[in-house]
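This briefing presents selected features of a protein structure, grouped by topic. Please consult the sequence and the 3D view below alongside the text.

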Amino acid sequence: MSPPARTRPRPAGSAGRPGSLRSVAPVVEGPFVGRAAEIRAVHGMLGLVPGRPAGRCAGVIVVGAPGCGRTAFLAAVAGSAGRAVHWARGVEAESDLPFVAVAGLIRSLAAHVDRLPPGERAALRAVLDADPAGPPISALCRGVLDLVEVAAGEQPLVLVVDDLQWVDAGSRRVLLFVARHAVRAGVLLASRIGPGRVPVDVGESLPVVRLDGLDGTDAARMLEARGFDVGPAVVAEVVARTGGNPAAVLATVRGLATARPGTGLPVRLGAASARAWAAVLDEIPGRTTQALAVLVTSASARLAEIEPVLGALGLSLADIEPAERAGLVERCPDGLRPADPLLATAVLSRVPLATHRLILRTFADHADEPVRCEYHAATRTAPDDDVASALAAAARSAERRCDHLVAARLWTRSAELSVDDSDRADRLVTAARAAQLGGKAARALAQCDEAAALRPDPALRSTAAPVRARVLGVLGYPDRALEVLVAASCAADDRQAAQLAAEAFLPSRQTGRTADLLRLLGRRKYRGVALAAADRTPAARLLALRGATTEAPDPWAVHHMIVLGLDLIDIEDLHGARAVLDEAGVLARGRDPSSASLALAARAELGWWTGDWGSAVADGEAAVARAEALGQPGPLARALVGLARISAARGRGGPAGDRLRRARESAGAGQAAFLDHVASVEGFAALTVGDHTTAIELLTRPGETDAAAAGDLAEAHIRSGAPAAAAEPLRTLDRMASTTSRNHPAWAAARCRILLAGDVDEVAAQRSRWDRRLFGLPFERARVLLCAAETLRRLRRPAAARPLLREAVAVFEALGATPWADRARGELAASGDRRPAPGGRSALGLLTPQEEQVARSVAAGLTNPEVAAALFLSRKTVEAHLTRVYRKLGVRSRVALSRQMRSREG
């Protein structure tokens, strides 16, 4: 679809053929990429579907700012049209000559003029002869339309007119008429819209396609096609600073190679953009240009910050009004902002450097830290260690306030102004850590790479490795994260290696390689480090190891608490996990927002086991929302799987399938263990609805490493009538039970052995062994009760089965696990019990996920404004949710609500 570099589309027709079009296409520099949606839209409007017969065509006008790639876009559309193409374009120097563009079109199609009616021929000849009286406009419009239609009848064609804004008024009227009424020919018009100006008026009957800036993906493809090797973080920043204008993106990236250290990202305009902006800025007063320089220099758009600086420089808000009337700036809730990201570059290119520095110093005089420090730093165009040190101090202050994005910006600027490459590398790593904590994963990864290029030594690699690993983890590549940490630990000293090993626990857990990590740890001697003998879990041992070797406060303490909470869930220490994860959730809101999504996903996982499914759904949906907002595929996939498992247990196959599909899309290619977990939930969903064949197919692979999957696989074999096939997954469960500190494999095996039991005593023995241990795990306990009751009924002990079934029905109903409740209710009826089965939802089960979140926050002691801030809701929304919570739960005070929530969480 895209024309190659420096390609001239072939003139329509063949040489010497009557009616052939002899027009010259523009030269297009470089391959054309992107704009696929816009090209499809134009093809659809014009009926230009390659390989199909010509149908009715309509005219389309394409508009875009200078540098948007409008001409290249036209060439891409024309080159893929499968028709003869006639090119024309307006010329600014000829824009006042009457009918000059139409005259060129008539000459191109002169061979067909004799086929027109006499009146139309006379109108066309009047144009060619430059008759001072001019042709009748109606006859001219009909004549040009018929001329184009006659030519298209012999050879399908597309008429492309670029730079319509410079076509003379008479020709523009004729061309728009042809575009609106042509049947056989397509008419593609294109007009430049200058900064702050409106498009050419083409009337309501002509569709308009607007070429806006490229997004990050298309900008990266464009740069790659032109031989630029630019990281995603740099591309994202360039796109944000230029609005995605292709010419500005290319000019800015070209300038990066020659930019001096300490100058930041120098945004540059393309040649066409520079000329257009110069023409617009020439039309406004000089004082307005100076006032615009103040506006674009401000760190915010707030009038309260801009107005004092304007006054100090002898200017006022009235000086900005001409720019506002011209459409260069626009109103926002508390101030003014540029209507185009390129305004800043265009304005500052016209302001003397001394004036810009004066503006920066004036802003610094009126600002508080750390903004004052940033303004002072902006006056420097070369490395300056004193200013870099001041920025570093301001960054540390921002870190203490947990203002991570401000800290990242300050550390980045401090690195840019550092004289020594070693200092610059250290500050880049620190900036990357702050960016990661603030949720800017791509930027953090790019800064780690930049630091490694400046100083490729083992010490820096050990410092940067945790940052890189955390970024790779949230992006969905735990296998690569683990490799980074292990490689760095091999070259680190004992103290650093211990810290890296602690950091490696979560990716090792995600990839199913925790045992490998612990064996690796066993090969090292950590001098002077004692592990607490009371530590019960691998995570606790590793975190104790990190704590013993960390002297400064750990900025990632929240992350490590979440890791510990997840491991406590693994060994069924659910009370301990709740305490750790609740504290981590509270701390994440202030200290480490990037970990909030993982904390919520972990708490949702805990809610699944404890039977607190309402809270689990609320936490899971909040985790999904935050992970999507921060671009964190890893936590997003974990939360989606947790929600899917609850949906599956409740018999909601549609939502469960949708969530599992999204989880697969979000998970990185390196998460083989996680994808096995997705298959495990899919198999559980099939088992829930009684599709045992599908369950067996899905559960066979993850059953090798996943206790839940192995237990469900064995149960599916038994229920499908193939108990012998359950022997292998049962052996897997026995092996897991003997080699880990977890109870889950043992109780899953016990549930299946109850189904296989041949006498009542065996059922009683298995049940009595696990009944008390499963009391805090309602869903798992109810499944054991159901299996025991089914076997007792099979062994002709219906009276013994009934109380177990009634209890199982009550638990399943309370959880909303309808398919399981229906199965237990059917068994109860088959056992001869004619009494109505227990049912009904608990009052707490009536709460929506959002109401659940509000209720839990209020029960934790937060005020309504604090709840609103924590859940990103308005105060009125919180009050409305709380009113409904009170009504549903039958309480009248926050104290009563807290008491009821605590009673459920037990």
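## Overview

The protein contains 45 helices and seven strands; helices (H or I, at least four residues) and strands (E, at least two) are DSSP runs, numbered from the N terminus. The model is predicted, so that local features need pLDDT of at least 70 and side-chain atom pairs count only at pLDDT 80 or more, while totals for chains, interfaces and linings use all residues. Residues are numbered from 1 along each chain as its sequence is written, and side-chain values use heavy atoms, with hydrogens and water left out.

**Burial and contacts**

- Of the 906 residues of the protein, 51% count as buried, where buried means under 20% relative accessible area, exposed over 50%, and partly exposed in between (1.4 Å probe, protein chains only).
- Among contacts (heavy atoms within 4.5 Å) with a separation of 6 or more, 67% are between residues 24 or more positions apart.

**Confidence**

- The mean pLDDT (the predictor's confidence in each residue, from 0 to 100) of the protein is 78, and 81% of its residues reach 70 or more.
- Among the elements, the highest mean pLDDT, 90, belongs to helix α11 (residues 286-297), and the lowest, 47, to helix α26 (residues 538-549).
- Residues 49-55 stay under 50 in pLDDT, and the model gives them four contacts beyond four places in sequence.
- Residues 524-537 also have pLDDT below 50, and this stretch has 28 contacts in the model beyond near neighbours in sequence.

**Helix α6**

- Helix α6 (residues 169-181) comprises 13 residues and reaches 19 Å from its first C-alpha to its last, close to the expected 18 Å; the expected span is 1.5 Å times one less than the number of residues.
- Its buried residues are Ser171, Val174, Leu175, Leu176, Val178 and Ala179.
- The cover over these buried residues of α6 includes the strands β1 (59-64), β3 (157-162) and β4 (186-192), together with the helices α3 (100-108) and α5 (137-154).

**Helix α20**

- Helix α20 (residues 441-454) has 14 residues and reaches 20 Å from its first C-alpha to its last, close to the 20 Å expected.
- The buried residues of α20 are Ala441, Ala444, Leu445, Gln447, Cys448 and Ala451.
- Seen down the axis of α20, these buried residues fall within an arc of 165 degrees, so they line one face of the helix; the arc is that of the directions from the helix axis to the C-beta atoms.
- An α-helix has 3.6 residues a turn, so residues three or four places apart point the same way.

**The β6-β7 hairpin**

- Strands β6 (residues 329-332) and β7 (residues 335-338) run antiparallel and are joined by four bridges; two strands pair if DSSP finds at least two bridges between them.
- Two residues lie between β6 and β7 in this hairpin, and Val329 stands opposite Pro338 in β7.

**Positive phi**

- Most residues other than glycine have a negative phi.
- Phe99 has a positive phi, near 60 degrees, and lies in the loop between β2 (84-89) and α3.
- Phe99 is buried, at a relative accessible area of 18%.
- Arg796 has a positive phi, near 65 degrees, and is found in the loop between α39 (778-794) and α40 (798-815).
- Arg796 counts as exposed, at 73% relative accessibility.

**Cysteines**

- The count of disulfides is zero, a disulfide being a pair of cysteine sulfur atoms within 2.5 Å.
- Cys68 is buried, with a relative accessible area of 4%, and Cys373 counts as buried at 7% relative accessibility.
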